[in-house]
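Work through the exercises below with the model open. Each task is followed by its solution.

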Amino acid sequence: MSNPIGKNNMIYSDLSHLRQNKPEFYNWGIFAGFLVLALGIWLSGSNQALFLAINHEHGILPNILWGTFNLLSYSRFFILPILLIVLTFSLKRERILNVLLLVIAYYVVFAALKVAVGEARPYIVLPEGSFFWLNYFEDAVKSAHKSFPSGHTGNMAVFVFAVSNLFFMNKKGLQFLMLLLLILTAFARICSGWHWPLDVIASGLIGYLLVKLCFAIDLKRLISKRG
């Protein structure tokens, strides 16, 4: 005879496993949604039109706030990478090697993509005066054809997803606040006239993949095997 109690325990175990992995399915669902959005913008050719629509609403927040998001996420100032390294070293030292790998991977991947793609920024493509442009400290000449991907948005994406993964795994409220910080940074790059919508969406997706990849590698085991 079959054991109904045993079957019930197996079912409960399966459901418990699904509940434990629910955040992972949720995050990949958001990833898929933004990937579909990016493909839709690209295939419809609405990148410029969407940029202008968002950029013209820049007055929804003061310029100082857009500038603050740009300053905080500027990769050349190392604010977010240093903060992530310090937090990890202080609170989750066992993951410090993964975080260091992540920071290096971010700089290498984004720098390589900017050079390889060579996309012109909005202020190169669009007529002067047709959109709002805010420049406090960036070099518009050297970066004129480095629009894709957005280094600022990617920098914030790496920080947000790494912090959420390390410290806020089961805290949806804090994860939402971190995601909001990323979204505001993406809008800051569009509202200040530096990036196309596809640039910032792709950067968020790339940042998410980098975090997942770098955190999946067991660096301690690899080092111990080589030793």
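**Exercise 1.** Which helices each supply at least two residues of the lining of the second largest pocket?

*Solution.* First, the ground rules. This is a predicted model, where local features need pLDDT of at least 70, side-chain atom pairs count only at pLDDT 80 or more, and totals for chains, interfaces and linings use all residues. Residues are numbered from 1 along each chain as its sequence is written, and side-chain values use heavy atoms, with hydrogens and water left out.

Step 1: the helices are α6 and α8. Helices are DSSP runs (H or I, at least four residues), numbered from the N terminus.
Step 2: α6 gives the most, six residues.
Step 3: the lining has 19 residues, with Y74, S75, R76, K114 and K146 nearest the centre. Lining residues have an atom within 4 Å of a pocket point; a pocket is an open set on a 1 Å grid where a 1.4 Å probe fits, with protein on both sides within 12 Å along at least five of seven lines.
Step 4: by class, count six nonpolar, five polar and eight charged residues.

**Exercise 2.** Describe the lining of the largest pocket.

*Solution.* Step 1: the space is about 640 Å³.
Step 2: I30, F34, F161, L179 and L182 are the closest to the centre, among 31 lining residues.
Step 3: α9 gives the most, nine residues.
Step 4: the classes are 23 nonpolar, six polar and two charged.

**Exercise 3.** What is V163 in contact with, leaving aside its neighbours within four places in sequence?

*Solution.* V163 is in contact (heavy atoms within 4.5 Å) with L84, F168 and M178.

Note on methods:
Points joined across faces, edges and corners; volume = space filled by probe spheres on them. Nonpolar A, V, L, I, M, F, W, Y, C, P; charged D, E, K, R; others polar.
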